[in-house]
Amino acid sequence: GTSAQPAVITSFKDDSVAGDINGDGSSSGRAGDYRYAIQNLGGTITMQYAQFKYALESLTTYGGHTYGDHLTISQVQAALSSANNAEVNLQASTIVQADYGLTVWGNSKVTYRGSFSGITNMAVKSCNWGVGQCFVDAANSYWGSDDGPFPPGGPLVCGQVVAIPW
């Protein structure tokens, strides 16, 4: 996509993009309407200026390299799930209204620069310290408030995550 015309991957129930293509009247999607928007099984994916809405898991990486710039992921159950030595780099991106932001395990390495808001469970969940070799660098990201990744209601990060400075 471009900044003026981002690529949009959404539910067939979402009438906001192409109108009422499924003939059910005015409606929108919901998290989990479809399984994956993008699934990388070991190749290289590069994307920019894209919006992902209403998926179960928007981006799933099992190995390979995934690069994203200016992505908006919203109203999903999981924004990114990564495993099996995947390398992911998301820049200038936004995750909003998700159960989970980034879930990383299995020796994956993820760099995220962007913002989180409306996360209901965990913004970043990575392998526990000392267990596995997965790692998330989410420093210099906005966590939805001035409290950063550690708001009064409980932390938004768990495991091998660098979140400071925010």
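Biologist: Is C127 buried or exposed in this model?

Modeller: The model is predicted. Residues count as buried when their relative accessible area is under 20%. C127 has a relative accessible area of 13%, so C127 is buried.

Biologist: Which cysteine is the disulfide partner of C127?

Modeller: A disulfide needs two cysteine sulfur atoms within 2.5 Å. The count for the structure comes to one disulfide. The sulfur atom of C127 lies 2.0 Å from that of its partner, which is C134.

Biologist: What is the relative accessible area of C134?

Modeller: C134 is joined to C127 by the disulfide. C134 is buried, and its relative accessible area is 1%.

Biologist: How many helices and strands does the chain have?

Modeller: From the N terminus, the order of elements is β-α-β-β-β-β-β-β-β-β-β. The chain therefore comes, with runs of DSSP states taken as elements, to one helix and 10 strands.

Biologist: What share of the chain counts as buried?

Modeller: The chain exposes about 7,800 Å², and carbon and sulfur atoms supply 51% of that area. The chain has 166 residues, and the share of them that counts as buried is 44%.

Biologist: Which residues touch the most other members of the largest nonpolar core?

Modeller: In soluble globular proteins, nonpolar side chains tend to be buried together. The largest nonpolar core here holds 34 residues. Strands β2 (34-40), β3 (44-53), β4 (55-62), β5, β6 (87-104) and β7 each supply at least two residues of this core. The members that touch the most others are I95, L102, F116, V124 and W143.

Biologist: What is the angle between the planes of Y112 and F116?

Modeller: A search of the whole structure finds three aromatic pairs. Y112 and F116 form one that is tilted, with 4.8 Å centre to centre, and the angle between the planes is 40°.

Biologist: Is the pair of F116 and W143 stacked or edge-to-face?

Modeller: Planes under 30 degrees apart count as stacked, and those over 60 as edge-to-face. F116 and W143 lie 4.7 Å apart centre to centre with 20° between the planes, and the pair is stacked.

Biologist: Which residues do ring pairs link into a cluster with F116?

Modeller: F116 is buried at 1% relative accessibility. W143 is buried as well, with a relative accessible area of 4%. Ring pairs link F116 into a cluster with Y112 and W143.

Biologist: Which backbone oxygen does the side chain of S141 reach?

Modeller: S141 lies in the loop between β8 and β9 and is buried at 3% relative accessibility. Beyond four places in sequence, S141 is in contact with Y112, R113, G114, F116, P165 and W166. Its side chain reaches, at 3.2 Å, the backbone oxygen of Y112.

Biologist: Which side chain makes a polar contact with the side chain of S81?

Modeller: S81 is placed in strand β5 and is buried, with a relative accessible area of 6%. Not counting residues up to four places away in sequence, S81 touches E57, L59, T60, T61, T103 and W105. At 3.4 Å, the side chain of S81 makes a polar contact with the side chain of E57.

Biologist: Which side chain makes a polar contact with the side chain of D69?

Modeller: D69 is found in strand β5 (residues 65-83) and is partly exposed at 28% relative accessibility. Leaving aside neighbours within four places in sequence, D69 is in contact with M47, Q48, Y49, Q91, A92 and S93. At 3.0 Å, the side chain of D69 makes a polar contact with the side chain of H70.

How values were computed
Residues numbered from 1 in each chain as written. Predicted model: local features only at pLDDT ≥ 70, side-chain atom pairs only at ≥ 80, totals over all residues. Heavy atoms only, no water. Buried < 20%, exposed > 50% of the residue type's maximum accessible area, 1.4 Å probe, protein only. Phe/Tyr/Trp six-rings, centres within 6.5 Å; stacked < 30°, edge-to-face > 60°. Helix = DSSP H or I, 4+ residues; strand = E, 2+ residues; numbered from the N terminus. Contact = heavy atoms within 4.5 Å. Polar contact = N/O pair within 3.5 Å; in protein donor to acceptor, adjacent residues only side chain to side chain. Areas by Shrake-Rupley, 256 points an atom, 1.4 Å probe, with all protein chains shown as cover. Core = buried A, V, L, I, M, F, W, Y, C linked by side-chain atoms within 4.5 Å.
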